Amino acid sequence: MTASLRNVITRHNPITLLDSSCSPVTLAHVHQIHAQLLVHGRLNHPLLFVQFLAAVALLSPGNTAPSSPQHRDRQLLLLYSQRLLDYSPHPPTTFALNSLIRAHSRGPDPASAFRFYRRLLCSPDALSPDRFTFTFLVGACGGGGPSSSAAAGAIAHAAALRRGFVSDPHVHSSLIRMYAQFGLLDAARRVYDELPDPDLVSRTAMLGALAAAGDIVLARELFDSMPRRDTIAWNAMIAGYSQVGRSREALELFSSMQSEGVRVSAATLVSVLTACAHLGALDQGRWVHAYVQRNRLRVTVTLGTALVDMYSKCGDVGRGMDVFRRMEEKNVYAWSTAMSGLAMHGAGRECLDLFELMKERGVLPTGVTFVSVLRGCSVAGLVEEGRRHFDSMRDQYGIDPWHEHYGCMVDMYGRAGRLDDAVRFIDSMPIEPHAGAWGALLNACRIYRNVEMGEYAMKKMVETESKNHGAYVLLSNIYAESRNWGGVNDVRESMKAKGVRKEPGCSVIEVGGEVHEFFVGDNSHPRYGEIEVMLREMSRRLRSAGYAAKTNAVMFDIEEEEEEDALRRHGAEVGDRLRADCLGRGREH
């Protein structure tokens with residue numbers, strides 16, 4: 001490359017403005033930059049032309065809602081980059097075609113990347129694919145789109161093998177990820193085992209495959225055996241723990257990651273926020289948000305949505321909505337998460353208002369959106385409005401209701417006390433009623449103390465899921481609240497006879513950024529003695545202040561003092577009740 005050409009490319013180059021990591025780039029911006037390049041004759045240089053084509057191609061399609069203006073712009077940008085190639089004054093290069101293969105592998109139709117692979121093979125200039133070609137092509141096969149398939153992946157694998165690129169670390173790792181995405185973990189393991197001395201890239205890919213498949217024990221063994229671990233390996237392991245619900249381990253590993261000075265990325269923080277949301281670890285979630293602000297990280301759609309979800313599930317829905325309002329770009333999942341948070345906290349009307357605003361912005365709802373909408377209607381008691389939204393799913397948006405939607409409708413009727421309507425709705429369902437629908441009815445029967453219908457709902461629920469301990473517990477509570485101790489005992493005996501065991505209740509509390517878990521009957525906490533003393537003192541003070549424990553839902557007809565003691569020891573239910581009552585008494589006195 002001559003010095004003059006290097007100067008053209010590097011000095012005052014408007015192509016550098018096509019960096020969407022700082023701010024969204026629109027089609028209008030590309031038109032302006034293209035015009036400047038043409039006016040100044042810079043596209044006469046083949047290398048600069050290819051650089052421009054690649055920059056435009058990689059702006060698309062991005063993680064945007066299909067109905068959003070940004071998504072439509074990025075689809076047009078993908079077409080724009082193809083037109084640049086078609087009308088190029090220079091012969092196509094492997095780099096240019098690789099850029100389009102890569103762009104399509106990330107697009108709505110990943111299989112279209114093969115068109116440019118065939119174009120590369122049929123080039124009159126006898127172009128040859130390279131390691132990047134197969135890295136992107138294999139990625140297109142497992143891209144997750146409707147046209148991606150394991151068969152196409154096998155074809156790409158065979159082509160890479162035939163041309164001698166299968167041992168390249170990046171191609172190799174792409175193959176591992178691709179097979180793992182199709183659930184073919186054995187195939188991924190065989191690819192991994194082909195390398196006598198796998199490098200960091202291949203080890204990390206295999207780690208990610210194991211973690212994504214839920215084989216978290218084997219993933220951790222591989223993680224611990226790695227002589228060197230990069231950010232991607234740490235992210236994969238933390239994400240794996242979060243996905244299988246082992247949130248405590250995810251946060252502990254994140255702490256170790258920081259101690260070792262590993263760079264924290266947005267992907268890391270998304271997994272950590274998921275773990276915080278699961279545990280209710282608000283302080284750690286706030287720390288993550290502060291870290292984002294302190295380091296001026298761009299709040300992407302994924303990161304912003306994770307923040308909204310964390311704040312909502314940790315009880316600070318106001319802060320979550322503040323994050324949502326400040327997000328520069330929102331896809332349908334961000335809107336749905338915000339609506340879910342509002343519904344979760346009883347703000348049903350606000351949830352529906354947000355739904356109307358989302359539609360005004362041109363964002364099409366999905367099935368996930370309607371779960372949030374129906375929950376909002378349920379907590380607000382808006383039965384008829386909920387029914388209209390339910391009907392609009394299929395009539396207006398072509399969305400077939402899921403089990404969750406039917407369960408929400410039953411819950412909506414049940415909360416409103418319309419138990420007969422709930423039963424009629426279940427009977428009219430076009431699909432087999434699932435445990436969630438019967439469970440919603442059973443819970444409504446507990447609220448309205450309808451023993452007969454509760455027995456019917458419990459029978460149906462157990463027919464669907466014979467080992468569902470929740471059905472037995474709910475019916476037992478219905479009997480207990482009616483002081484029917486014989487019924488309570490019958491439920492217990494039935495559970496024993498069928499081998500059904502109730503999962504122990506669990507409370508989680510965060511103190512000084514450290515998460516503590518307490519299970520019923522577990523005294524393994526290192527400060528258990530002090531906690532026991534404090535609980536007794538709290539109970540004494542609450543009784544002296546006039547607190548009366550609700551003991552009519554305890555499983556057995558024992559003495560009142562013993563009932564209260566049983567409730568006090570049940571951390572999952574009474575811990576929250578004591579805290580709420582303490583706050584209430586404090587305000588009253």
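Q: In this predicted model, how far apart lie the end C-alpha atoms of residues 168–202?
A: The UniProt annotation "repeat: PPR", from an unreviewed entry, covers this span. The span is 71% helix and 0% strand. Its end C-alpha atoms lie apart by 9 Å.

Q: Are helix 9 and helix 10 roughly parallel or roughly antiparallel to each other?
A: Helix 9 runs over residues 169–181 and helix 10 over residues 185–193. Their axes come within 7 Å and cross at roughly 165°. Angles over 145 degrees count as roughly antiparallel. Helix 9 and helix 10 are therefore roughly antiparallel.

Q: Which residues of helix 10 make the contact with helix 9?
A: The crossing of the two helices is left-handed. Helix 9 brings His 172, Leu 175, Ile 176, Tyr 179 and Ala 180 to the contact. From helix 10 come Ala 187, Ala 188, Val 191 and Tyr 192.

Q: Is Leu 37 buried or exposed?
A: Leu 37 is found in helix 2, residues 27–39. Beyond four places in sequence, Leu 37 is in contact with Pro 14, Ile 15, Arg 42, Leu 43, Leu 48 and Phe 52. Its relative accessibility is 0%, and the cut-off is under 20%, so Leu 37 counts as buried.

Q: Which residues does Leu 441 touch, not counting those up to four places away in sequence?
A: The largest nonpolar core has 152 residues. Leu 441 is among the members that touch the most others, as are Leu 18 and Phe 52. Outside its sequence neighbours, Leu 441 touches Val 410, Leu 419, Ala 422, Val 423, Ile 426, Met 453 and Ala 457.

Notes
Residues are numbered from 1 along each chain as its sequence is written. This is a predicted model: local features need pLDDT of at least 70, side-chain atom pairs count only at pLDDT 80 or more; totals for chains, interfaces and linings use all residues. Side-chain values use heavy atoms; hydrogens and water are left out. A nonpolar core is a set of buried Ala, Val, Leu, Ile, Met, Phe, Trp, Tyr and Cys residues joined through side-chain atoms within 4.5 Å. Buried means under 20% relative accessible area, exposed over 50%, partly exposed in between (1.4 Å probe, protein chains only). Contact means heavy atoms within 4.5 Å. UniProt positions are given in the numbering used here, feature names are shortened, and annotations may be inferred rather than shown by experiment. Helices (H or I, at least four residues) and strands (E, at least two) are DSSP runs, numbered from the N terminus. Axes are lines fitted to C-alpha atoms, for helices over the stretch in contact, and angles run from 0 to 180 degrees between N-to-C directions. Angles under 35 degrees count as roughly parallel, over 145 as roughly antiparallel, 65 to 115 as roughly perpendicular and the rest as oblique. A crossing is left-handed if the near helix is turned anticlockwise from the far one by less than a right angle, and right-handed if clockwise.
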